[in-house]
Amino acid sequence: MRTIKSIVFTAIMFWTGTTLGATIYVDLGSTADQLSPSVGTSWALAYNSLREALATAQNGDEILLTEGTYYTQTLAPGSVCMTGAFIVPNGVSIYGGYPAGGAGSRDISAHATIISGDLNSNGAADASDARELMLVQAVSTSNQTVFDGITFELARTAIRSEQASYKTVDCTFRNFRAEQGVLVNMDTDAILVRTTFEDNLAVGRISALLFTDGGSLEAISSHFHDNTSESLKTFGAGMWLPMDTDGKFTNCTFYNNQGLSSRLPSFLPSSSSLELINCSFHSNAQTSPGIVHVVFTDLNVLNTVVYDDQTLEFVTASAAGGVITIDYSVVPTAYLSQATNSTDSDPLLTTPDLHLSLGSSAIDAGLDAYNAELKDGFNNDRIQDGGSSCSIDIGAHERAGTACGTPKLDEESEAVPVLGYNAYPNPSNGVFVLEFSEETTGHIRVYDLQARLILSMKLNETLRHTINISDQPNGVYQVILNSNDRQITHLAMVQR
Ligand SMILES: [Ca+2]
Ligand SMILES: [Ca+2]
């Protein structure tokens, strides 16, 4: 449906020779007359409905959204339309993060724009919620559809796309109850940039966070944490890139995801090719067969950390599988024999961000040529050390203030904040107490003087923790606690 406004605009474009699209303004609080042909052309004349704006939008246009929650609609009884989703023409860009009324700077944190499918308004994802939030229409155009600075929540699928191309930038997908996928991409090329998937649940026989069939999926500096796939579902998966899809993940983190399915439950199963570059996997759990499972596929694991995941297997491939290459990575000990230039040393990851702590085996240990991105997964410069002999770090985080394999503290900004603590008794008989200045969540590791890991355990909002290494001989032991970006390094003496 083309309005007078868009026809006039097209005529102006033709007249001026410009290829730029229109800017369409949407403000939830707008009281502009919806019948005016000029509605949507400025903040003062903004639409108060995303649906109305989308009805006039065309390839090349951009839509600006003010803060607040935009809901999809309930299906009318007997509706011909299968869904109450927002229909997005291919080639339209949608930007969130504008203040109410439009005056002031765009700030996606301060002015959160949310697109929600919570049709029964209970704040929880359930079967009564919207089937899809956004349907990206297949239109033959060279322009990509763009979603920028928007949080999507509380539906079964966020974006369904067929024969299209889209990009998400600075978006969050949270609290979905996916029956097929949070993203369902059929013959679609999708790029996820600085995009977060958190607290989603995959249910049903064929379900995943990312369901793509055909086309390609690329994720850059994106973060996947606290997602779960339900148990006892035949094909339930954290992420499923079936056959004929090329997958590439760069500078991404995967933390505390749980795959509970008993069959083909893997985190990144079969695609036609899969590359993991500078990604960090930590504290993910998968019953079987492994957190990365590939079928009929070549897999490249490059500059990537896989550490302390609660699974027996990291990578499995079927007998008909392709070639697995693991290079310049930190991997479980069992995979060292099939890896090159790699280690199983503790990368000293912080949680939940998976940053590298001082002394990490991953610092300056990667191969620059594998990663073309200039930033790490957290928008830091990728190689900060300067000098031609310094290298990219392994994993999603590039630690500042280090130099070529010999970590050092920068005099000014890079000192690791110290957490206050007390340790007693010291020396001890092997049983001693660490008492913190505040409730602490993190990871404690104890090493002997040969740098062998003696003990590793997690703390959760702990004030006082007893460490027992009484089975160890007399000597000095190094206790390292990593808690977000703070650290304790303590020397404990055992003397009987
Ligand atoms: Ca609901
Ligand atoms: Ca480095």
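1. Burial. Of the chain's 496 residues, 43% are buried. The model is a predicted one. Its secondary structure consists of two helices and 38 strands.

2. Contact range. Take the contacts in the chain with a separation of 6 or more: 67% of them join residues 24 or more positions apart.

3. Main core. The largest nonpolar core holds 85 residues. Val26, Ile63, Leu133, Met134, Ala158 and Val182 touch the most other members. Strand S17, residues 208-220, gives the most to this core: six residues. In soluble globular proteins, nonpolar side chains tend to be buried together.

4. Ile63 up close. Leaving aside residues up to four places away in sequence, Ile63 touches Ile24, Val26, Ala53, Ala57, Val92 and Ile94. Val26 is also on the list of core residues that touch the most other members.

5. Second core. A separate core has 12 residues. Phe432, Leu434, Ile488 and Val494 are among them.

6. Parallel sheet. Nine strands form an open sheet with parallel pairing. Their order is S3-S6-S9-S12-S15-S18-S21-S24-S28. Strand S3 (68-71) and strand S28 (305-307) are the edges, each pairing on one side only. From one strand to the next, the twist averages 10°.

7. The S3 end of the sheet. Which strand pairs with S3 over four bridges? That is strand S6, residues 113-116, and the pairing is parallel. One residue pair to inspect here: Tyr71 has Ser116, in S6, as its bridge partner. Strands of a sheet pair through backbone hydrogen bonds, either parallel or antiparallel.

Technical notes:
Residues are numbered from 1 along each chain as its sequence is written. Chains are lettered from A and ligands numbered from 1 in the order in which they are written. This is a predicted model: local features need pLDDT of at least 70, side-chain atom pairs count only at pLDDT 80 or more; totals for chains, interfaces and linings use all residues. A residue is buried if 20 or more other C-beta atoms lie within 10 Å of its own, exposed if 12 or fewer, and partly exposed in between; C-beta atoms are placed from the backbone. Two residues are in contact if their C-beta atoms, placed from the backbone, lie within 7 Å. A nonpolar core is a set of buried Ala, Val, Leu, Ile, Met, Phe, Trp, Tyr and Cys residues joined through C-beta atoms within 7 Å. Two strands pair if DSSP finds at least two bridges between them. Axes are lines fitted to C-alpha atoms, for helices over the stretch in contact, and angles run from 0 to 180 degrees between N-to-C directions.
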